[in-house]
Amino acid sequence: MKLNKVLETLGIDKLNEGASTGAKWQKGGGEKIDSYTPVDGKLLGSVNGVNRKTYDAVVAQAEAAFPEWRMWPAPKRGEVVRQIGEALRKYKEPLGRLVSYEMGKSLQEGYGEVQEMIDIADFAVGLSRQLYGLTIHSERPKHRMYEQWHPLGVVGIISAFNFPVAVWSWNSFLAWVCGDTTVWKPSEKTPLTAIACQNIISEVFKANNVPVGVSGIVIGGRETGEWMSNDARIPCVSATGSTRMGKAVAAAVGQRLGRSLLELGGNNAIIVSEHADLDIALRAVVFGAVGTAGQRCTTTRRIFVHEKVYDAFKKKLVAAYKQLSIGDPLDQNNHVGPLIDKDAVQAYLNTLDAIKKEGGKAVIPGGVLEGKEYKSGCYVKPCIYEANNNMEIVKHETFAPILYMMKYNTLEEAIALQNDVPQGLSSSIMTLNMRESEIFLSHMGSDCGIANVNIGTSGAEIGGAFGGEKETGGGRESGSDSWKAYMRRQTNTINWSDQLPLAQGIKFHV
């Protein structure tokens, strides 16, 4: 499908408006935002970002829709999300292609991202009948206690460019079945995919008479995110992005005693044991390190290889990297596409300089690719450097395909090295030794929110809670009981006796 047809199918014009409440697109009134593809540097389209007046109008509409939406039975809300899943199946090909073209990830990963949206829709449909509370035995006679969950209100969603649509769906689909309304600020680097999503769900909402304002979108830059973080009308702000951004969001939301759900940076490691299947380890490391051109929060950035297999694994890794094909991500013969923009390329180059200054040794050297097929200037070489975990640059997350390789002797040493970074998102061990895997998963093992055995650090399934510890932010999105972040908890006690006994046996007579 050609790009013009993709844009036409998804209802995207050359100049798009930057705000919507689900009924229609409104004039943003803010600065124009141009979306250039890193694939070939071409202008895909432009968006009128929002000003403060338009932003306030969208949030006000979300606030106004909440009292009606929360009264819809949860399974009925789930039925709407089920239909959204069906609509995404219908638009999977063009939306996946647009994700690939606007963001620069491979076409298979673009399709995979839309499949993630479909999967979370299916999960949310089942969840709509499972918003369970607890029954609690009271210490007082003829009393009943229980715990229940109520809709929270307006949920603000700030998403990043690397997963321009999937992370929004993780938050919004769960929030909707929980009875919340949402306002989404997508990355200003990928506004067109956001517009496409809003167009798709608007069709479903209209067919089901969903209140206008249940899904709002405001397109803008950093200032728009700051408005959302400081907005007392939004009790919960879910933010995905860099640690720097997350700290700013947490400070602003915390200042007004709101709730923040943060999924931030990762500095993820794979431990390759002497007991590993090296062929499986190789595939896990290579995809983890170069998938999405190293622009996943779960990208593999460090590997610790046992000294007994270090040389053999290094040889396999070098051979695999030499077979990587870099180029247009819509060509399915290519393994690696571009970085998102030239600022990302500069960050990559700055990191290479820092590695050299700190004494890193090139195994596969990095660099920027040149030639007519790389005319956007955003294509870089996936690279490997032998390094030391104490290097300052190794503790820093660079959103690029840079892999640090290190040697270890004991498992305890490898785990300590893996944990010795500020971030704590994803981790893996490659081993066929049961004791090693159990130690890694135990409380003396990985300190990350995600810990895997014999699979890589990236490619999490939606059924599990996604997120990490330390500077990764502590939030959890997607599966398991992550839905609780979008609701408020209430404990209820009912006295059905003819007395009024007090808790803790307190006596009070009047």
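This is a predicted model: local features need pLDDT of at least 70, side-chain atom pairs count only at pLDDT 80 or more; totals for chains, interfaces and linings use all residues.

**Entry 1: the core**

I started at Trp 176, which touches Trp 69, Arg 77, Val 81, Ile 84, Trp 168, Thr 182, Ile 201, Phe 205, Val 214 and Ser 215, leaving out residues up to four places away in sequence. Contact here means heavy atoms within 4.5 Å. Residues are numbered from 1 along each chain as its sequence is written, and side-chain values use heavy atoms, with hydrogens and water left out.

Next I checked the largest nonpolar core: it has 132 residues, and Trp 176 is among those with the most contacts inside it. Such a core is a set of buried Ala, Val, Leu, Ile, Met, Phe, Trp, Tyr and Cys residues joined through side-chain atoms within 4.5 Å. Buried means under 20% relative accessible area, exposed over 50%, partly exposed in between (1.4 Å probe, protein chains only). I also found a second, separate core of 20 residues, including Trp 227 and Met 245.

**Entry 2: Thr 181**

Is Thr 181 buried or exposed? I found it buried, at a relative accessible area of 0%. Its contacts, beyond neighbours within four places in sequence, include Ala 62, Phe 66, Trp 69 and Val 214. A polar atom of the Thr 181 side chain lies 3.1 Å from the backbone oxygen of Ala 62.

Technical notes
A polar contact is a pair of N or O atoms within 3.5 Å; within protein, one must be able to donate a hydrogen and the other to accept it, and residues adjacent in sequence count only if both atoms are side-chain atoms.
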